[in-house]
Amino acid sequence: LFENNESSYAGGAIVFDSGDSSPLTVGKFKDITFKDNKAGQNAGALAVNGGVTLDAFENVKFEGNTANGAGGAICVNDGRNTKFGNFTNVSFENNEAASGSAISAMAGTFKDWKKVYFVDNKVTGNGGAGGVVSLNNATVGNWDTGVMQSADSDYRVSNGGGIYAGYSNFGNISNVAFKNLHAGNQGGAIWSNESTFGNLTNVSFENITAGSQGGVIWNNGSG
């Protein structure tokens with residue numbers, strides 16, 4: 001259990017920092033809770049900076065973590081050669097950040113997600129990108145079974161009320177419900193610019209709105 005820890009800058013609970021010349025490998029996270037941790041800038045719970053490989057996350061809960069910047073729970077600040085293993089039975093609940101209230105990734109690769117749930121995470125500022133997950137030059141594998149539901153009922157996020165994907169790749173999404181997501185400008189659920197998404201299978205969108213374009217999905221470029 002990592003609870004009520006705080007950092008003035010990044011990583012309220014943990015920072016993994018490495019470089020291309022000295023890569024770092026981290027073992028499995030299993031049966032762990034990150035709760036009520038705080039960061040003055042990015043990554044309320046876990047910050048990762050370049051050259052880090054993290055093994056699987058299994059039965060892990062991120063709850064009530066906050067960041068004044070990006071990534072209420074997890075932030076990949078420098079994603080060069082950063083790799084995450086599979087996420088299995090992982091939940092993100094009531095985390096808060098200015099953008100990417102659950103996850104913000106500036107590059108890096110995430111393997112497959114299975115039974116991954118995003119519930120009542122909240123963007124605290126106005127005009128941020130990615131209400132729940134914000135991806136820039138990042139890759140996520142397949143997502144099978146989960147929920148993405150926001151605590152916000154207004155238009156705090158400019159683009160991508162659920163997922164913001166800029167120059168990123170996202171695999172197949174199946175058995176996932178998107179609920180109560182909103183964007184002030186484009187992409188109430190998903191905003192995609194020069195990014196790729198796989199097939200959507202048994203995916204539902206409920207109570208999704210955007211202030212300008214793409215009430216559910218806004219896509220420009222690759223598709």
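Student: What is Phe 92 in contact with, leaving aside its neighbours within four places in sequence?
Tutor: In this predicted model, Phe 92 is in contact with Phe 62, Ala 73, Ile 74, Phe 87, Ala 102, Ile 103, Val 116, Tyr 117, Phe 118, Val 119 and Asn 121. Each counts as a contact because heavy atoms lie within 4.5 Å.

Student: What makes the 44 residues a nonpolar core?
Tutor: Two conditions are needed: nonpolar residues that are buried, and side-chain atoms joining them within 4.5 Å. The largest such set has 44 residues. Phe 92, Phe 118 and Phe 178 have the most contacts inside it. Strand β25, residues 173-183, gives the most to this core, with four residues. Another core, of five residues, lies apart from it and includes Ala 10, Ala 43, Ala 47 and Ala 70.

Student: Why is Phe 84 called buried?
Tutor: Its relative accessibility is 4%. Buried means under 20%, so Phe 84 qualifies. Phe 84 sits in strand β12, residues 83-84. Beyond its neighbours within four places in sequence, its contacts include Val 48, Leu 54, Phe 57 and Phe 110.

Student: Why is Asn 37 called buried?
Tutor: The relative accessible area of Asn 37 is 0%, and the cut-off is 20%, so Asn 37 is buried. Asn 37 lies in the loop between β5 (29-35) and β6 (38-39). Residues up to four places away aside, Asn 37 touches Phe 2, Glu 3, Asn 4 and Asn 5, among others.

Student: How do you know that the side chain of Asn 37 and the backbone nitrogen of Asn 5 make a polar contact?
Tutor: The side chain of Asn 37 reaches that nitrogen at 3.0 Å.

Student: What makes Lys 28 and Glu 58 a salt bridge?
Tutor: Their side chains meet at 3.4 Å, N to O. The cut-off is 4 Å, so the pair counts. Lys 28 is in the loop between β4 (24-26) and β5, while Glu 58 is in strand β9, residues 57-63. They are 30 residues apart, and the pair links distant parts of the chain.

Student: Why is Lys 28 called partly exposed?
Tutor: Lys 28 has 46% relative accessibility. That value falls between 20% and 50%, so the label is partly exposed. Glu 58, at 24%, is partly exposed too.

Student: How do you know that Asp 144 forms a salt bridge with Lys 114?
Tutor: The closest N and O atoms are 3.2 Å apart. That is within 4 Å, so the pair meets the definition. Asp 144 is in strand β21 (residues 143-150) and Lys 114 is in strand β17 (residues 113-123). Asp 144 is partly exposed at 24%, as is Lys 114 at 40%. The structure holds three salt bridges, one of them between Lys 61 and Glu 63 at 3.5 Å.

Student: What makes strand β23 and β26 a pair?
Tutor: Four bridges join strand β23 (residues 163-166) to β26. At least two are needed, so they pair. The two run parallel. Gly 166 has Asn 193 as its bridge partner in β26. β26 also pairs in the parallel sense with strand β29, residues 217-220, over four bridges. There, Ile 190 is partnered by Ile 217.

Student: Why are both faces of strand β26 called covered?
Tutor: Ile 190 and Ser 192 are on one side, and Trp 191 and Asn 193 are on the other. All four residues are buried, so each is under 20%.

Conventions:
Residues are numbered from 1 along each chain as its sequence is written. This is a predicted model: local features need pLDDT of at least 70, side-chain atom pairs count only at pLDDT 80 or more; totals for chains, interfaces and linings use all residues. Side-chain values use heavy atoms; hydrogens and water are left out. Buried means under 20% relative accessible area, exposed over 50%, partly exposed in between (1.4 Å probe, protein chains only). A polar contact is a pair of N or O atoms within 3.5 Å; within protein, one must be able to donate a hydrogen and the other to accept it, and residues adjacent in sequence count only if both atoms are side-chain atoms.
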